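These notebook entries record what I looked up in one structure.

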Amino acid sequence: MASAHAVEFLPRGSKTFTNVPEVFFIPEFVFGGLVWILVASTHVYPDNPLGWVMFVSVFCFVMTTIFFFFFILGHNQRKFWNSLDVGYHFVAVVLYLSASVILAYITLLKGWGMTIAPGNLIVHVLTSDLLKIYRLDIAAVVMSYLATLLYFLHAIFSARRWHKSR
């Protein structure tokens, strides 16, 4: 006998704010947005590695926003959404972990008074302006690792839900 009620695969609407994996959406917004803001507020130098950090933070912020609105509006009720949720969050973990390691390395070099230039390493003294940028970079590193942790927790809990639904 078929049930008259539709099977709900993932939470939707206000249930998004109370279920364990989805409750991480808001902190992912906050910490991911802070990484984006803190890196953008400093001198994005060297361009290439910090450009990757900016790409990862903006990409994950936009994709998390899209996922969040799909969950709120209830457009996530097909079976493939479980797999998509797990896949996206594991990809986000890998991207954020790579960006966090790069950001920590660049920040460590700045703390030692060094900067990577194309082809060589430049040593300089930390002035008050450079110290302010260094402190902003430290905050960005902390927020980046917290965002990585949140995406990892979301991925693990989503994977557990995906495994139960199979």
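Entry 1: I worked throughout on a predicted model. I began at Gly113, which follows directly after α3 and has a positive phi of about 80 degrees. I then checked the length of α3 itself, which covers residues 80–111. Its 32 residues should span 46 Å at 1.5 Å a residue, and I found the end C-alpha atoms 46 Å apart, so the two values agree.

Entry 2: I repeated the check on α2. This helix has 27 residues and reaches 38 Å from first to last C-alpha, close to the expected 39 Å. Just after α2 comes Gly74, for which I noted a positive phi of about 80 degrees.

I next asked which residues of α2 are buried. They are Leu50, Val53, Met54, Val56, Ser57, Cys60, Thr64, Phe67, Phe68 and Phe71. Against which helices do the buried residues of α2 pack? I found α1, α3 and α4 as their partners.

**Entry 3: Ser57.** Leaving aside residues up to four places away in sequence, I listed the contacts of Ser57 as Gly32, Val35, Trp36 and Tyr96.

**Entry 4: aromatic pairs.** How many aromatic pairs does the model contain? I recorded 16. Among them is the pair of Trp36 and Phe61, edge-to-face with 5.4 Å centre to centre and 65 degrees between the planes. This pair links distant parts of the chain, with Trp36 in helix α1 (residues 25–41) and Phe61 in helix α2 (residues 47–73), 25 residues apart.

Phe67 belongs to α2 and Trp81 to α3, so the pair ties together parts 14 residues apart in sequence. I noted that both Phe67 and Trp81 are buried.

**Entry 5: the surface.** I searched the surface for nonpolar residues and found a patch formed by Phe90, Ile138, Val142, Leu146, Leu149, Phe152 and Ile156. Together these residues have about 530 Å² of accessible area. Which helix supplies the largest share of the patch? It is α4 (residues 128–165), which contributes 6 residues. Phe152 is found in α4, and its relative accessibility of 38% makes it partly exposed.

**Entry 6: the whole chain.** I closed with the overall values. The protein has 4 helices and 2 strands, in the order α-α-α-β-β-α along the sequence. I recorded 39% of the 166 residues as buried. Of the contacts between residues at least 6 apart in sequence, 77% join residues at least 24 apart. The accessible surface comes to about 9,300 Å², and 73% of that belongs to carbon and sulfur atoms.

Terms used
Residues numbered from 1 in each chain as written. Predicted model: local features only at pLDDT ≥ 70, side-chain atom pairs only at ≥ 80, totals over all residues. Heavy atoms only, no water. Patch = residues over 30% accessible without salt bridge, like charges linked within 9 Å, V, L, I, M, F, W, Y side chains within 5 Å. Areas by Shrake-Rupley, 256 points an atom, 1.4 Å probe, with all protein chains shown as cover. Salt bridge = Lys/Arg side-chain N within 4 Å of Asp/Glu carboxyl O. Buried < 20%, exposed > 50% of the residue type's maximum accessible area, 1.4 Å probe, protein only. Expected span 1.5 Å × (residues − 1). Phe/Tyr/Trp six-rings, centres within 6.5 Å; stacked < 30°, edge-to-face > 60°. Contact = heavy atoms within 4.5 Å.
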